[in-house]
Amino acid sequence: MSHEHQLLKQLSISRIAIVRSLPGLGDLLCAVPAFRALRAAFPQAHITLIGLPWARSFVERFSHYLDDLLEFPGYPGIPEVPPSVGKLSKFLTSVHKQCFDLALQMHGNGTVINSFTALLGARIHAGFYLPGYYCPDPNYFLPYPDDQPEIWRHLRLMEFLGIPLQGNELEFPLKDEDFATIQQIPSQYVCIHPGASLPEKRWSLENFAVVGDAIAARGFQVVLTGSESEATLTQALAQMMHCEPINLAGKTSLGGMAALLSRASLLVCNDTGVSHLAAALKVGSVVIFTNSSQHRWAPLNCKIHRSLSPIFLANSYLAVTPEMVMAQVEDLLFKEVVIVT
C-alpha cells in the first residue's frame, strides 16, 4: 500500500496495550484476526488487553496472542463501567509504570475513548477516529471504517499501520476439559440458541419452537443453549415445543458451550456472541437478525453460515419466518448429512 508506515520500523516496540472494553463475546472474537496479525508482527512483545473482568478467561484461552488483562476502570461517557475518579487515577498511575510503547484504540470510533487511550501514556497511540471529531495523530489514527464488517474494521487498522494480515478467519481454541459436559448428547444434534444480549434482538420463541419441532421431525436431537440468565427463556421454549429438547442453558461454561457447538450438525440463533463462536469453530449456522446490522455482524463465510433479516418493502417489511429459516436449515443439514455418510 502507498501508506508506508513507521510501526514495523520501531524495533523497540516491546509492550503493547489494546483498548477494547466491550461486554460481548462477539466483540472480542471479531477482533481475533487483528490480534493474530499483531502477534505475528511483534512475536516477542508483551500484549495487554484493557477490557472488562469477564475477558480474563478469554485472554487465558488466547494466550498465544494476548499476555495479560488490565480491567478497564471506567471513564466518563463509556457506559460499560460506572466512572470513578479514584479508580481511574489509581489505574493510570499503575499503567504509567508499565511504560507501554504502543496503545491501540480498538474500542470504537474514538469520539470518547481516544482521550482515555491518550491518558495511558504510551510512546505511540494509534486507533480510530471519527471524521469531524478530534484526531490525535493523522499518522496513526484511521478514519473509522463504519461501512465495513466488524472483523474488517480492525483489519483495516492493521493494514493502515503497516501490519501484514494473517487471514480474516475467526478461531476458538478448545481444551480437553471443555468436552466434559457433553458426553451424554446424541451423535446428531442441532443447537438452538434463542437468547440475545437485548430483547429487541431476539426472534420470537414461538418461531423458534416451530423450527425446533421441524428439525426434530427430520431426525435430529434439538439442544437448547444459553447463559444462566437465559435459562427461563429456554425453559419457556421447551414447553412450547412438541418434541423433547435437551436444555443445557446455564449448564455449560464458555468452553463447554464451544465444545458442544464443535460437534453439532448446525446452530440456529439470533445475532449474538454464539454465532461468532460457531464461525470460529467452522460449524454451520443460520443466524436471524431482528434489530441489528446484518452487514456488520453476519459471519463472513456465506457457504456454511446463512444470515436472514427482515426485508423492507415500501413502508413495511417482511419479517423472517420459520419457513425461511427452515429452507436454510434443510440446505445446510442436507449437505452435512451427505458429508457424514
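A residue is called buried when its relative accessible area is under 20%. That cut-off applies below to a predicted model.

**Overall form**

The protein contains 12 helices and 14 strands. Its radius of gyration is 21 Å, close to the 20 Å that the globule rule gives for 341 residues, so the protein is as compact as a globular protein of that length. Along the principal axes, the C-alpha atoms fill a box of roughly 60 × 50 × 40 Å.

Of the 341 residues, 54% are buried. Among contacts with a separation of 6 or more, 61% join residues 24 or more positions apart. The protein exposes about 15,400 Å², and carbon and sulfur atoms supply 55% of that area. On the charged side, there are 24 positive and 29 negative side chains, and the centres of these two sets lie 5 Å apart.

**Helix H9**

The buried residues in H9 are Gly255, Gly256, Met257, Ala258, Ala259, Leu260 and Leu261. Their cover includes two helices, H3 (55-61) and H10 (273-281). Strands E7 (189-193), E8 (221-224) and E10 (266-270) are also among the elements that cover them.

**Aromatic pairs**

A pair of aromatic rings is described by the distance of the centres and the angle of the planes. With ring centres required to lie within 6.5 Å, the protein has 8 aromatic pairs. Two of them are set out here.

| Pair | Centre distance | Plane angle | Class |
|---|---|---|---|
| Trp54 and Phe58 | 6.4 Å | 70° | edge-to-face |
| Phe91 and Phe116 | 6.0 Å | 25° | stacked |

Planes over 60 degrees apart count as edge-to-face, whereas those under 30 degrees apart count as stacked. The rings of Trp54 and Phe58 have their planes at 70°, so that pair is edge-to-face. Trp54 has 28% relative accessibility and counts as partly exposed, while Phe58, at 1%, counts as buried.

For Phe91 and Phe116 the planes are at 25°, so the pair is stacked.

Notes. Residues numbered from 1 in each chain as written. Predicted model: local features only at pLDDT ≥ 70, side-chain atom pairs only at ≥ 80, totals over all residues. Heavy atoms only, no water. Helix = DSSP H or I, 4+ residues; strand = E, 2+ residues; numbered from the N terminus. Rg over C-alpha atoms; globule rule 2.2 N^0.38 Å. Buried < 20%, exposed > 50% of the residue type's maximum accessible area, 1.4 Å probe, protein only. Contact = heavy atoms within 4.5 Å. Areas by Shrake-Rupley, 256 points an atom, 1.4 Å probe, with all protein chains shown as cover. Lys, Arg positive; Asp, Glu negative; His and termini not counted. Charge placed at Lys NZ, Arg CZ, Asp CG, Glu CD.
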